[in-house]
Amino acid sequence: MTQPLLHLPTERAGVHLKELTVEANGQEFSDLVYANFLHLRQHGGQPESLSDEYESPEGYLKMGQVTEGVIEMGIFDQATLVGFIALLTSDLVVPKGSAEVGYWLGSAYTGKGRATAAVRALSAYAKPRYFPVFAQVTRTNQKSINVLERAGYKRTGINEEGKLVFELPKDS
Ligand SMILES: CC(C)(COP(=O)(O)OP(=O)(O)OC[C@H]1O[C@@H](n2cnc3c(N)ncnc32)[C@H](O)[C@@H]1OP(=O)(O)O)[C@@H](O)C(=O)NCCC(=O)NCCS
């Protein structure tokens with residue numbers, strides 16, 4: 001039996017998270033990724049959805065649909081897709097029992113607290129299920145660091161790529 005798609009409200013009126021599917025969201029997701037090609041690469045990396053491994057943003061969504069331990073959600077403001085947030089829990093990519101949060105907004109939708117609301121909502125979903133809940137961020141990405149700190153994450157270390165690691169404290 002297929003699982004119902006995850007749908008989470010956030011503290012911000014109008015902003016909600018909904019699991020994405022190629023069938024329902026492939027075109028709008030792809031359009032948002034390509035419209036933000038440079039914005040998403042500004043700190044040197046690139047979102048997984050632009051990785052050669054998946055051939056296209058739709059290919060990346062498809063992978064999420066068929067892979068255990070990968071939840072790919074749209075950040076919506078009303079009916080408009082404004083960004084993306086993912087939770088990775090697969091033992092193949094994160095330590096057993098933990099969960100990694102990753103996210104981005106289209107550049108036209110930044111500066112209004114939507115990413116913070118999205119990270120808070122997905123973190124609240126993840127916290128009782130996984131430990132630690134963590135995120136990894138390039139040290140020059142102050143906007144993203146601000147999002148994590150506003151959402152209650154604390155810096156705990158530096159990974160082998162030199163990225164800062166932030167974790168959600170168990171008692172937060
Ligand atoms: C990281 C990223 C999502 C942050 O976007 P953002 O717009 O700064 O984050 P939010 O939507 O939470 O908005 C917060 C900003 O809006 C302001 N704001 C306005 N109204 C707000 C509200 N009601 N609540 C919270 N913040 C509000 C805040 O002051 C904050 O600005 P500041 O960081 O200068 O203080 C965005 O820069 C991005 O997509 N970057 C490219 C991809 C990327 O780097 N992803 C993260 C990889 S780790």
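Reader: Which element gives the largest share of the shell around the ligand?

Author: The largest share, four residues, comes from H4. Helices here are DSSP runs of H or I with at least four residues, strands are runs of E with at least two, and both are numbered from the N terminus. The model is predicted: local features need pLDDT of at least 70, side-chain atom pairs count only at pLDDT 80 or more, and totals for chains, interfaces and linings use all residues. Residues are numbered from 1 along each chain as its sequence is written.

Reader: Which residues come nearest to the ligand?

Author: Of the 19 residues around the ligand, the nearest are Trp104, Thr110, Gly113, Ala115 and Thr116; membership requires a C-beta atom, placed from the backbone, within 6 Å. Strand E5 (99-105), helix H3 (114-126) and helix H4 (142-150) each give two or more residues to this shell.

Reader: What makes E1 and E7 edge strands?

Author: The open sheet has eight strands in the order E1-E2-E3-E4-E5-E6-E8-E7, with mixed pairing. Two strands pair if DSSP finds at least two bridges between them. Strand E1 (7-9) and strand E7 (154-158) each have a single partner strand, so one side of each lacks a neighbour in the sheet. The twist from one strand to the next averages 30°.

Reader: Why is strand E4 called mostly covered?

Author: Seven of the nine residues of strand E4 (residues 80-88) are buried, that is, each has 20 or more other C-beta atoms within 10 Å of its own, with C-beta atoms placed from the backbone.

Reader: Why are H1 and H2 called oblique to each other?

Author: The axes of helix H1 (residues 22-35) and helix H2 (residues 57-66) come within 8 Å and cross at roughly 135°. Oblique covers what remains after roughly parallel (under 35 degrees), roughly perpendicular (65 to 115) and roughly antiparallel (over 145). H1 and H2 are therefore oblique.

Methods: Axes fitted to C-alpha atoms, helices over the stretch in contact; angles between N-to-C directions. Buried ≥ 20, exposed ≤ 12 C-beta atoms within 10 Å, placed from the backbone.
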